[in-house]
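Please consult the sequence and the structure below while reading.

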Amino acid sequence: LLVVFVCTKRKIMRLKVKIFIQQIIVFLFLLGLLPAHAFVHRHRFIIKEAPYSKLCSSKNILTVNGQFPGPVIYANTGDTLVVNVQNDGTQNITIHWHGVKQPRYPWSDGPEFITQCPIRPGTNFSQRINLSDEEGTLWWHAHSDWSRATVNGALIIRPANKTNYPFPRPAAEIPIILGEWWKSDVQTVVNEFLASGGDANKSDAFLINGQPGDLYPCSTNDTFKLTVEKDKTYMLRIVNAVMNNLMFFSVANHQLTVVGTDGAYVKPFKSNYITISPGETIDVLLEANQNPNHYYMGAKAYNSVVGVPFDNTTTTAIIQYRGNYTASSPPIFPDLPNFDDTNASFNFTRSLKSLADKTHPINVPLNITTNLLFTFSVNTLPCEDESCSGPNGDRFAASVNNISFVLPRIDILEAYYKNIQGVYGDEFPSFPPLNFNFTGGSLPVELQRPDRRTEVHVLEYGTNVEIVLQGTSLLGGVDHPIHLHGYSFYVVGAGFGNFDKDKDPLNYNLVDPPLQNTIAVVRNGWAAIRFKADNPGVWFMHCHLERHVSWGMEMAFIVKDGKGSQEKLLPPPPDMPLCLNLNIPHI
């Protein structure tokens with residue numbers, strides 16, 4: 001009788017839990033957070049250190065579940081992810097779901113001190129990630145310090161049930177994550193360059209799916225290999241998780257058919273290579289139509305600035321055809337653009353156009369109500385006794401509209417939601433405070449000195465926004481891959497030099513511009529993006545070159561609530577990480 005009683009009690013408890021979960025799902029559906037077909041996927045991320053050996057040396061790295069790269073997460077359009085992040089490491093951590101719009105729910109977006117305080121060692125946070133119209137390849141990564149160097153993984157969003165790809169289903173889908181490796185501890189790299197005021201030490205290798213490839217020392221067995229069958233087609237879902245470089249990628253003797261970027265489809269086009277920015281994803285189809293053999297896929301950095309040290313190595317993986325044959329040794333090598341080929345980088349990015357068919361319509365804002373112009377600059381700040389390692393003994397900085405962003409110690413979202421004063425200002429300028437020849441030569445030193453503040457730009461709900469992202473030639477200029485959280489945007493134009501407000505809009509693509517969340521602004525050039533501000537909350541915008549973020553090239557938007565019940569910011573979850581340091585910074 002006792003056994004029967006205990007078993008019955010357990011069954012009742014399980015039934016109650018099941019009913020409770022069902023009630024939560026119904027509640028989320030009634031709130032409009034779950035479509036009727038949505039499925040809830042549950043995952044557990046345990047942040048912990050794990051030993052890894054590469055390039056003849058070993059070290060401990062921060063990982064998710066001991067894996068590097070981290071686990072691949074699969075879902076369908078409109079599904080929901082519930083990810084319980086348990087921090088068993090020694091560092092603070094946050095996880096960002098790159099490219100997921102998180103409708104009305106920035107609480108799980110992840111950027112440290114923007115939408116949450118960090119998950120401290122020994123604590124956990126259950127993130128709810130609501131997928132909406134994203135379809136394709138996105139990714140997740142740490143968004144605190146430089147932890148994303150090893151804490152990252154792919155997020156693959158397949159078509160919803162009863163829908164299909166806009167191309168024949170491939171034989172297999174393979175995530176290809178481009179990464180970066182330092183022999184020394186990454187946090188040590190960060191601490192050293194921030195203390196010195198100079199640039200960060202360049203990395204020792206690039207990686208494909210966590211492996212450097214056999215061109216590096218002690219790496220004969222550290223090469224990712226993909227086996228294919230002749231005449232079949234494979235989808236490569238490529239993520240650039242590299243910290244500080246745009247990358248060229250190619251496969252020897254194989255053309256690639258580009259079909260998607262940043263969780264949206266594009267008009268298919270063939271190319272011998274791709275250019276992919278840090279933070280960006282590209283989906284390509286690879287036809288195994290060559291003679292059976294071994295072929296390298298390779299990736300190397302694009303660098304547009306003469307005299308700036310960078311990792312000029314090439315990471316490789318091997319595509320090996322199934323069958324009996326004598327393989328070339330070494331494998332056939334791909335033809336990659338020269339490392340400084342700006343036209344190759346720019347022209348590939350400009351080739352991206354939205355699919356824009358009946359099944360995948362687009363909605364480009366046409367009647368713009370808010371025009372913004374943001375300049376992105378590398379700057380310097382004075383250093384005591386001119387003892388820093390930056391130019392002229394100064395300290396490197398970076399800015400947007402001449403404001404070098406200072407992270408607060410209470411996250412901006414919490415301060416906004418709870419009306420906590422003194423955490424941020426709301427006077428981020430719509431235009432640069434100083435109007436000068438942004439891409440001219442020999443600019444005066446005074447223009448290099450930014451203000452250091454915590455400022456946001458406030459947008460009214462429903463406004464149609466156009467932002468011109470303008471690079472500057474301060475300290476020579478460089479490409480800037482700009483990422484906006486909470487939105488995808490249409491890239492309606494891009495070019496070299498200064499944006500001309502009278503001439504350049506005449507050449508905008510308003511018919512089928514690509515829908516992206518990360519766009520590379522070419523060195524000393526510009527890009528114009530458009531979106532509708534219909535996602536209330538606090539949303540981060542920043543350069544995805546990690547050293548530029550460390551120097552302050554970032555800002556945040558606050559999108560105010562609309563009038564309707566489905567146009568308002570949702571309340572926070574009960575287990576939001578606590579902000580321990582309540583000292584309010586000067587703004």
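## Residues in loops

Leu434 lies in the loop that runs between helix α4 (412–418) and strand β23 (451–453); helices (H or I, at least four residues) and strands (E, at least two) are DSSP runs, numbered from the N terminus. The model is a predicted one, in which local features need pLDDT of at least 70 and side-chain atom pairs count only at pLDDT 80 or more, while totals for chains, interfaces and linings use all residues. Residues are numbered from 1 along each chain as its sequence is written, and side-chain values use heavy atoms, with hydrogens and water left out.

With a relative accessible area of 46%, Leu434 is partly exposed. Here buried means under 20% relative accessible area, exposed over 50%, and partly exposed in between (1.4 Å probe, protein chains only). In sequence Leu434 and Asn401 are 33 residues apart, and their C-alpha atoms are 8.5 Å apart in space.

The loop between α4 and β23 also holds Gln448. This residue is buried, its relative accessible area being 12%. Leaving aside residues up to four places away in sequence, Gln448 touches Asn379, Thr380, Leu474 and Leu475, where contact means heavy atoms within 4.5 Å.

## Backbone geometry

Most residues other than glycine have a negative phi, and most peptide bonds are trans. Asn401 has a positive phi, near 50 degrees. It is found in the loop between β21 (395–400) and β22 (403–405), and it is buried, with a relative accessible area of 1%. Asn209 likewise has a positive phi near 50 degrees. Its place is the loop between β10 (205–208) and β11 (225–228), where Asn209 is buried at a relative accessible area of 17%.

Two cis peptide bonds may be described next. The bond from Phe68 to Pro69 is cis, with omega near -10 degrees, and Pro69 is found in the loop between β2 (57–64) and β3 (73–76). Ser329 and Pro330 are also joined by a cis peptide bond, with omega about 0 degrees; Pro330 belongs to the loop between β19 (314–321) and α3.

Helix α3 comprises residues 342–350, and its buried residues include Ala344, Ser345, Phe346, Phe348 and Thr349. At the start of α3, a side-chain oxygen of Asp341 comes within 3.4 Å of the backbone nitrogen of Asn343.

## Aromatic rings and charges

A pair of aromatic rings is described by the distance of the centres and the angle of the planes. Rings of Phe, Tyr and Trp (its six-membered ring) pair if their centres lie within 6.5 Å; planes under 30 degrees apart count as stacked, over 60 as edge-to-face and the rest as tilted. By this rule there are 27 aromatic pairs. The ring centres of Tyr165 and Phe167 are 5.2 Å apart and their planes are at 5 degrees, so this pair is stacked. Tyr165 is buried at 8% relative accessibility, and Phe167 is buried with a relative accessible area of 12%. One aromatic cluster is formed by Trp146, Trp182, Phe193, Phe396 and Trp551.

A charge sits over a ring if NZ of Lys or CZ of Arg is within 6 Å of the ring centre and within 35 degrees of the ring normal. The table gives two such cases.

| Charged residue | Ring | Distance from ring centre |
|---|---|---|
| Lys59 | Trp181 | 4.5 Å |
| Arg128 | Tyr105 | 3.9 Å |

## Annotated spans and a buried strand residue

An unreviewed UniProt entry lists "domain: Plastocyanin-like" for residues 48–161, 174–324 and 432–562. UniProt positions are given in the numbering used here, feature names are shortened, and annotations may be inferred rather than shown by experiment. The end C-alpha atoms of residues 48–161 lie 35 Å apart, and this span is 0% helix and 46% strand. For residues 432–562 the end C-alpha atoms are 28 Å apart, with 5% helix and 42% strand.

Thr518 is located in strand β29 (residues 518–521) and is buried, with a relative accessible area of 0%.

## Along its principal axes the C-alpha trace spans about 90 × 70 × 50 Å. Buried residues make up 59% of the 587 residues. Of the contacts with a separation of 6 or more, 80% are between residues 24 or more positions apart.

Note on methods: A polar contact is a pair of N or O atoms within 3.5 Å; within protein, one must be able to donate a hydrogen and the other to accept it, and residues adjacent in sequence count only if both atoms are side-chain atoms.
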